[in-house]
Amino acid sequence: MRQLLKGNEAIVKGALLAGCRAFYGYPITPANEIAEAAAYYFPRCGGTFLQAESEVAAINMVYGAASAGVLTMTASSGPGISLMSEGISYLAGAELPCVIADITRGGPGLGNIAPEQSDYWQVVKNGGHGSYRSLVLAPSSVQEMADLTRLAFALAARYRNPVFVMADGVIGQMMEPVRFGEPAAVPPRPQWAVDGTAETRKNLVSSIFLQPDELEAHIGKLGAKYAEASRRETRLESYRTEDAEVVLTGYGIVRRILRHVVDELRGQGIAAGLLRPITLFPFPTEEFERLARRVPLFVAVEMSTGQMVEDVRLAVSGRAEVKFYGRCGGNLPDAAGIVEFVKTRLGAMEASHA
């Protein structure tokens, strides 16, 4: 059976089906429906919902619940994620699994409540201090809001690390039919957890290492974990790239626009393809590298002034030309504008080679 849901509500149901039983958060547009749905569903599933007094309080409540071995999550948007950044660094440093939903809106500062993708640097490159990484999943449909949230909890537990589900405000607010799988069992408390029993009183969950060599060893352990995730966990979608002479790349709602653009360019005789990262960290570098050996042009399309494009350039590593097309402030890239941009760039490349 399928249900017609907003993306924000699909995140909550996906979390509950993954075994999550604790939500701590503070409402913010365009993520409000996550807290609203969590307040309704979590208590009915035997879980905990608590509206904190601020985003700072919420992320520290997540820290406490995760320390006790409870699958837990929070949700916010750009300004709230900024306030949570110190706590996220603490979670990563203490190796505590949790899931954070970021439904992105315009910035900087208060900006507006319209959708953007300008949290990429903050989330993928980390807004907090220290040598840590957060795994980041980027849904492009309401179905993926549910499915990738379930995956996020599996990755958080596997790597003992914060995992983001980052979606622009369009995906969070839009409604689509969603099919849900069978619920996972609520997992037992892990051995490292602190739950107040005599057996676990010896456990210490902390991110402080006073001796330089101890901290260096800990940072090395974290780095090895992120390297393992980079080998095992990259995910992407490829569409009509087999014979492409130009590859478009984007995530979230932009991916849906780009599918139309690829078909439109193909109809005009231009062999276009789409490569959509599903994991923003770890970034699916290898496929970009492989295609760059024969594809002369990549176009990164974003709802920002250009953030993911830097990772595309690093992945392509000078083998192909990388161009950026973006809109911001809550404006979506339009298909006709992207088509003309691609045709102009291809024309300029042909002229330069003539």
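Okay, a quick definition before we start: when I say one element lies across another, I'm talking about contact, and contact means heavy atoms within 4.5 Å. Keep in mind, too, that what you're looking at is a predicted model.

With that in hand, let's look at helix α9. It lies across β9, β10, β11 and β13, and it runs at about 165° to β11. Those strands belong to an open sheet of five, in the order β9-β11-β10-β13-β14, and the pairing is mixed. At the edges sit β9 and β14, each of which pairs on one side only. From one strand to the next, the twist averages 20°. There's another helix to find here: α12, residues 335-353, lies across β10, β13 and β14, at about 155° to β14.

Now zoom in on β11, residues 272-277. How many of its residues are buried? Six of six, so to speak: the strand is mostly covered.

Who are the neighbours of β11? Strand β9, residues 236-239, pairs with β11 in the antiparallel sense over four bridges.

Side chains of opposite charge can pair when their charged atoms come close. The count for this model comes to 18 salt bridges, and I'll walk you through a few.

Start with Arg 276, back in β11. Its side chain meets that of Glu 144 in a salt bridge, 2.9 Å from N to O. Why does this pair tie together separate parts of the chain? Because Arg 276 is in strand β11 and Glu 144 is in helix α6, residues 142-159, and those parts are 132 residues apart in sequence. And are the two partners buried or exposed? Arg 276 has 2% relative accessibility, so it counts as buried. Glu 144 is buried as well, with a relative accessible area of 19%.

Helix α6 shows up again in the next pair. Arg 158 and Glu 233 meet through their side chains in a salt bridge of 2.7 Å, N to O. Arg 158 is in α6, and Glu 233 is in the loop between α8 and β9, 75 residues apart. Here Arg 158 is partly exposed at 43% relative accessible area, whereas Glu 233, at 2%, counts as buried.

Glu 321 forms a salt bridge with Arg 345, with the closest N and O atoms 2.9 Å apart. Glu 321 lies in β14 and Arg 345 in helix α12, so this pair ties together parts that are 24 residues apart in sequence. Glu 321 counts as partly exposed at 25% relative accessibility, and Arg 345 counts as partly exposed at 22%.

Technical notes:
Residues are numbered from 1 along each chain as its sequence is written. This is a predicted model: local features need pLDDT of at least 70, side-chain atom pairs count only at pLDDT 80 or more; totals for chains, interfaces and linings use all residues. Side-chain values use heavy atoms; hydrogens and water are left out. Buried means under 20% relative accessible area, exposed over 50%, partly exposed in between (1.4 Å probe, protein chains only). Helices (H or I, at least four residues) and strands (E, at least two) are DSSP runs, numbered from the N terminus. Two strands pair if DSSP finds at least two bridges between them. Axes are lines fitted to C-alpha atoms, for helices over the stretch in contact, and angles run from 0 to 180 degrees between N-to-C directions. A salt bridge is a side-chain nitrogen of Lys or Arg within 4 Å of a carboxyl oxygen of Asp or Glu.
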